[in-house]
Every structure is written in C-alpha cells, then in structure tokens.
Amino acid sequence: MSERTLYFDSQHEFLEVLGRGNAVTNALAKSLDLKITARDNWVKLQGEDEAVIGQAERFIELLRQTRGEGMLLPKHTKLYALAGFVEGREDDVAKLFQTRVQTGRRTIHARTFGQQTYLENVLKHDLNFGIGPAGTGKTYLAMATAVDALLAERVGRIILTRPAVEAGETLGFLPGDLHQKIMPYLRPLYDALYDMLDPELIQKHMERGVIEVAPLAYMRGRTLNNSFIVLDEAQNTTPQQMMMFLTRLGYDSKCVVTGDPSQVDLPSGKPSGLYEAVTVLNRVKGIAISKLDETDVVRHELVQKIVTAYRRSRTNEPSLDDVATTTTPEDGAETKGAS
C-alpha cells in the first residue's frame with residue numbers, strides 16, 4: 001500500500017481548506033477508494049494505486065491554492081469540484097475557480113460549470129439572458145459583474161430593475177410614498193448589493209445616481225448609455241414591457257436579463273415577455289442565452305431537490321428547452337454549461 005502525507009502551515013489553514021467535520025475527506029476517500037487520516041495540520045492518503053493518491057493530492061492542493069488566493073469555498077462547492085475531478089475534468093475544475101469577478105467586499109467566482117459558462121457570457125457579450133430556477137445565482141452573478149465593471153470604470157453607472165409587482169405595476173393601492181411602495185419588490189436587489197459593497201459607498205453612489213434601483217415602468221422613454229443594466233424576474237414582464245426595456249440599451253452599455261420560466265406570476269393566459277424574447281432573439285448574433293438548471297443550485301442542498309421535484313411534476317408546462325437546440329454557434333450564443 002502506498003501513502004503520502006500532506007502538511008498545512010497551521011490547523012487554521014487545514015480547517016479552511018478541508019472544512020470542519022469530515023464531509024470533504026470522507027467524500028474524497030469514498031470517491032477514490034482511499035483511506036484518509038486527518039489530524040491537526042496534516043492529512044495522510046493511503047491506497048493501492050499511486051496515481052489515485054496523486055489525484056487526491058492534486059485536488060487538495062487546488063483547494064489550498066484557491067484558499068491562498070483569498071477565496072473560501074463552501075462545502076457544496078468542494079464536493080462539486082471533487083465530482084468533476086473524479087470524472088477526469090481536473091482542468092475544467094481548475095478553470096472553474098479562475099472564472100471570477102471582483103467586488104468591493106469579496107472575490108466572487110463561479111461554483112458550477114453552468115455558472116462558469118453564464119459568467120463568461122456576461123463578461124463577453126453586451127446583451128445576456130440568464131435563465132434558470134431559484135438558487136442558481138442568476139441575479140447574484142449578474143450584479144457581481146455589474147459591480148466589477150463599475151469599480152473598474154468600464155461603465156459609469158449601474159441600473160437595477162425588475163417588475164414592481166407580480167401581475168403588473170399597479171402601485172397606487174399600496175401605502176406610503178414611491179420608495180415605500182416599491183421597496184418590498186426591489187429588496188432582493190438591495191440585499192445582493194449590500195453583500196458586495198460597503199453601505200456608505202452604496203448610499204453615496206445612489207445619491208449621485210451612479211447606482212439606481214427602480215421598477216421597470218421607470219425605464220420607459222430612456223436611453224441608457226455607459227451603463228450596466230440588470231433586469232431581474234423577467235419572466236413577469238409582458239412582451240410589450242420586454243421590448244420596451246431591451247430597446248433602452250445605449251452606447252457602451254451591457255445588459256443582463258434574468259428570469260425563471262417556472263415562476264411566472266402573470267395572469268392566466270397572459271404571455272411572458274421573457275419566453276417571447278428568448279424565442280425571437282435566440283439566433284441574433286451577439287446575444288448570449290445561458291440556461292442553468294437544478295445542478296447549478298448553490299443554496300441549501302434541499303433547494304436542488306425541491307427544484308428537481310417540481311420540474312418532474314410539471315412535464316406538460318411550456319419550456320424554453322426547445323429554443324436551446326435550435327441555436328448554432330455562428331448564429332448566436334445559446335449555451336448550457338456542462339454539469
């Protein structure tokens with residue numbers, strides 16, 4: 001039997017790389033048929049195949065290198081990366097952790113291959129659609145890229161918008177002034193923003209109009225130049241609203257449209273602007289359409305199971321899957337990350 005012992009600089013580094021408990025080391029041992037002993041600041045790898053031990057060592061060193069670059073990976077991401085390693089996708093996993101953007105508070109990177117493809121598309125194209133279920137990081141990654149572009153001065157402002165209410169934008173019956181009326185519907189955008197930038201900087205930028213969070217209705221009649229625009233919950237736009245929004249795009253601007261086709265809140269029989277847009281634009285060169293699925297969920301592990309269960313129960317509902325199969329590389333940028 002061959003063995004190899006890896007030493008860490010401290011127990012603190014050991015815990016940040018392999019995590020508390022034995023979830024990662026147990027999964028590594030089971031996946032590669034190894035015996036792994038972990039203590040304090042070292043881990044011993046034992047097995048019959050020297051090549052397999054080397055594979056386990058490379059995996060641990062990748063986690064260690066990623067930690068050294070200032071990124072702490074959650075358990076879910078480590079186990080996802082391990083599955084890729086076992087499948088022989090070592091280079092893909094290494095590239096996964098290099099697909100990242102920088103916000104004021106942290107470095108944000110792709111956690112799944114689907115997210116990697118989506119993030120690469122957002123960085124490359126001026127108009128992007130991110131489509132997928134809850135928890136796949138559609139909005140968060142779009143906003144992270146927007147903050148990165150603003151801090152790097154590639155754009156002059158960020159505009160975040162979404163339909164203000166589920167079935168339209170009838171705000172008059174809600175109590176309070178405009179800010180109080182729309183805040184409950186824009187809260188998720190604020191939450192993501194405050195996770196990326198210092199509150200004082202956000203307040204300063206909002207007072208100067210550098211960061212704007214507004215309901216979709218307030219986009220009408222505007223031309224958005226030198227801006228990074230994110231339209232969230234786009235499945236709840238009507239075709240008219242979607243066309244109005246897409247034609248706001250001005251010079252030196254980027255736009256990301258995110259939505260979940262399984263959560264349309266429009267009145268029964270009213271078509272979704274997101275579905276029409278993706279169907280109409282899927283062959284337009286320069287527009288990227290990235291599709292995420294339950295394998296890209298990065299929330300609690302139960303969320304992935306919930307999404308899968310609902311998808312299986314809705315076999316007769318309209319889907320955007322057919323659109324993906326009709327797009328060719330030379331026509332457009334419809335993609336689905338490998339998973």
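The structure is a predicted model, in which local features require pLDDT of at least 70 and side-chain atom pairs count only at pLDDT 80 or more, whereas totals for chains, interfaces and linings use all residues. Residues are numbered from 1 along each chain as its sequence is written, and side-chain values use heavy atoms, with hydrogens and water left out.

The chain contains 13 helices and 12 strands; helices (H or I, at least four residues) and strands (E, at least two) are DSSP runs numbered from the N terminus. Of the 339 residues, 49% are buried, where buried denotes under 20% relative accessible area, exposed over 50%, and partly exposed the range in between (1.4 Å probe, protein chains only). Contacts are defined by heavy atoms within 4.5 Å. Among the contacts in the chain with a separation of 6 or more, 74% are between residues 24 or more positions apart.

An open sheet of 3 strands shows the order β1-β3-β2 with antiparallel pairing; two strands are taken to pair if DSSP finds at least two bridges between them. From one strand to the next the twist averages 15°, with axes given by lines fitted to C-alpha atoms, for helices over the stretch in contact, and angles running from 0 to 180 degrees between N-to-C directions. Strand β1 is joined by 6 bridges to the antiparallel strand β3 (residues 42-47), and R4 stands opposite L45 in β3. Strands β2 and β3 are also antiparallel, with 5 bridges, and here T37 faces K44 of β3. The hairpin of β2 and β3 has 2 residues between the strands, and D40 in this hairpin adopts a positive phi near 45°.

Parallel pairing is found around strand β7. In this strand (residues 157-162), 5 of the 6 residues are buried, so β7 is largely enclosed by the rest of the structure. Strand β7 runs parallel to β9 (residues 227-231), to which 5 bridges join it, and parallel to β8 (residues 211-215), again over 5 bridges. I158 takes part in both pairings: this residue stands opposite F228 in β9, and its bridge partner in β8 is I211.

Two leucines in helices are partly exposed. L123, in helix α6 (residues 113-124), has a relative accessible area of 42%. When residues up to four places away in sequence are not counted, L123 touches V101, T145 and K254. The C-alpha atoms of L123 and R100, which are 23 residues apart along the chain, are separated by 10.0 Å.

L302, located in helix α12 (residues 301-313), has a relative accessible area of 46%. Together with I306 and Y310, L302 makes a nonpolar surface patch of about 310 Å². Patches comprise residues with over 30% relative accessible area and no salt bridge, with like charges joined within 9 Å and nonpolar side chains (Val, Leu, Ile, Met, Phe, Trp, Tyr) within 5 Å; a salt bridge is a side-chain nitrogen of Lys or Arg within 4 Å of a carboxyl oxygen of Asp or Glu.

Conventions. Areas by Shrake-Rupley, 256 points an atom, 1.4 Å probe, with all protein chains shown as cover.
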